[in-house]
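Work through the exercises below with the model open beside you. Try each task before you read its solution.

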Amino acid sequence: MATHPQTDQPTKHVLVDIDVDRGRTWSPKQLQYIYSAHRYPIMYGGYRSGKTDALVRRALRYSLKWPGNRGLMARYSLGESYDTLLVNWAQVVPPELYEIATDRWGWQITVKTEGAPSSILVRALDEPQKYESLELGWVAISQMNEQYVTKRMWDTLDSRLTWKLPDGSHPHYSCFGEANSGAKWIIDLWSPKRQEEDPDEEYEAVEVSMFDNAANLPAETVEALSRKPEWWKRWFIYPCWEPLSERAGEPVFEDHFDFDLHVSPDPVTPVPGWPLIRGWDLPGPVAVVWFQVLRNECRVLYELQAEPGDAIEQVKQVVKNTHNTLFPGFACTDYADPAAFTKSPTDQKTCAELLRPEIQLLPGERTITGRLEAGRLWMDRLNHSKPALSIDPRCRILIGGLAGGYAWKQSAGVLLPEPQKNEYSHVIDAWLHGLARVSALGDLGPESEREIMGPRVFGPRDEL
Ligand SMILES: Nc1ncnc2c1ncn2[C@@H]1O[C@H](COP(=O)(O)OP(=O)(O)OP(=O)(O)O)[C@@H](O)[C@H]1O
Ligand SMILES: [Mg+2]
C-alpha cells in the first residue's frame, strides 16, 4: 500500500479504508509540523496561514499512530474552541473516523484506530481544574498567544504527559500548539534568538505567513489583508519575533499620513463660497477644528484646544471670537461627539444645550471605524494627482497627532482597536467627528447634502 512520503501511516486507513487526508494536499510547512518528532513544535505566524488545520491534523496523527492514546485539545475559552477548533476538526478529519459527545467540561472525541480507540478531550483552559489532574499522551493548544494563556499553563500541561497505552508502553509525548506572532513567553521559548543563545532541540517553531496558505484562501481575503498597513502585516500576516507589547503607542495613521504631502508649506485659506465645518470633541477638554470639504479637497484651517478646566460658556465665547476674526462671513456647520448630547447625572444641561443658541451642534460620527476611515480616505485621496488633504502648518496638535501622537491603545500586550486618549486625541477626534459626517454623504439627506456641499456665496455678516 502507498504511504505518504513523510508519514508514518498508510494514506488509506486499513480498517475502514478511508483517506485520512480527505484528498488534501498539505503544504511543506504543514507537513513539517504535523510530522515533527520534537516534543514541543508550534506553528507560529500570521492569520489565515493554515495553523489550526495543521494542529488538528497532528492531533489526529497522534490518535491514529498510537491506538489507545488520549489527548487534550484546548483553547482558552470553550466558546472559541467550539467556533474554531471543532470547526477545523470537522473540516479536516473524515467523519467516519470519529464520534463526538459532550461531557462535563466540553466534548470528548473517540477516534477509531486499528487497535483500541483513542480519545481526545476538548476543553477550555479558563479554569485549572479542567486540566490540572488529567493524564495525557499529548496536548494541543490553539491560539497560544491569547492574553490569558501563560507559560505556567503550558508547564502544567506538559507535566500531565504520563499516559500509558493499553500494552503498558507510552506514546511519543508531545505538547504542541499554534500561535499568532507577538506573545512574550512564546518568543522567550521558541524564537531563533533563544535557540542561538540556549539551544534546546525539543523546541521547534514552524514559521508561517498567510502567503504560505494563499492557495487555499479566497483571492479577496489575500488582497484585503495585503492592503493593511506595513506594521500590522509584520505581526499579523508574517511571523514576527518581537513582542507586540513593545508596540505601545503605534500610530493610528501610519502608512496614511505623510507630513510632506499633507501639511501645506503656506497658510491654508478658506475658499469663499463654501461653508466651513467645525468639528467638536467634548465633553472633556474641548477641542474644535475648522475645515472645509470641497468637491475633492479637504482644507484644514485652524485648531483650538481649550484648557481642561475651561467652562463650556468660556469656550463658546473663544470659538465665536476666533471665527469672527479669522473667518468673517463664513457660515458653518458644527458636528460634535454624540456624547455632547447626553447629560451626566450631575449636569443640569448637556454641552449641546450650553452652546445654544449661537452654536447648534449636530451629532458627529458615532463609530470609531467610521471616523478613522474618513481620515484615511482623505489622506489616501488624490485631487488632480496632488494630495486632496491640505493642513495649515499652524495646526500643530493635529499634525503631531497624525504624525504619530494619535496612537492605538494597548493592554497586556494586545493592541486594542481603539485610539488612546492623550494630548493629541481631542483635536484629532474633533476633526474626525465632522469629517466623517461630511464624507459619508450616503448617510445624509439631500437637503443637508446641499447645505454642506453646495457652493454658495455668503455676503459678509456682522456677527456670527
Ligand atoms: N492544506 C490545506 N488544504 C486546503 N485548505 C486548507 C489547508 N490548510 C488550510 N486550509 C484552509 O485555509 C483556511 C485557513 O486555515 P486555518 O484556519 O488552519 O488557518 P489559521 O492560521 O488557523 O487561521 P486563523 O488566523 O483564522 O486562526 C481554512 O479555511 C482552512 O480550511
Ligand atoms: Mg486558527
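Helices (H or I, at least four residues) and strands (E, at least two) are DSSP runs, numbered from the N terminus. This is a predicted model, in which local features need pLDDT of at least 70, side-chain atom pairs count only at pLDDT 80 or more, and totals for chains, interfaces and linings use all residues. Residues are numbered from 1 along each chain as its sequence is written, and chains are lettered from A and ligands numbered from 1 in the order in which they are written.

**Exercise 1. Positive phi**

Find the loop between β14 and β15 and examine Ser385 there. Is Ser385 buried or exposed?

Solution. 
- Step 1: locate the strands. β14 spans 382-383 and β15 spans 386-387, and His384 sits in the loop between them. Ser385 is in the loop between β14 and β15.
- Step 2: read phi. His384 has phi near 50°, a positive value in a residue other than glycine. For Ser385, also not a glycine, phi is positive and near 55°.
- Step 3: count neighbours. A residue is buried if 20 or more other C-beta atoms lie within 10 Å of its own, exposed if 12 or fewer, and partly exposed in between, with C-beta atoms placed from the backbone. Ser385 has 5 C-beta neighbours inside 10 Å, so Ser385 is exposed. His384 has 7 other C-beta atoms within 10 Å, so His384 is exposed.

**Exercise 2. A helix pair**

Describe how α13 and α14 cross.

Solution. 
- Step 1: two packed helices are described by the angle between their axes and the distance between the axes.
- Step 2: the axes of α13 (residues 396-405) and α14 (residues 425-439) come within 8 Å and cross at roughly 95°. Axes are lines fitted to C-alpha atoms, for helices over the stretch in contact, and angles run from 0 to 180 degrees between N-to-C directions.
- Step 3: angles under 35 degrees count as roughly parallel, over 145 as roughly antiparallel, 65 to 115 as roughly perpendicular and the rest as oblique. Therefore α13 and α14 are roughly perpendicular to each other.
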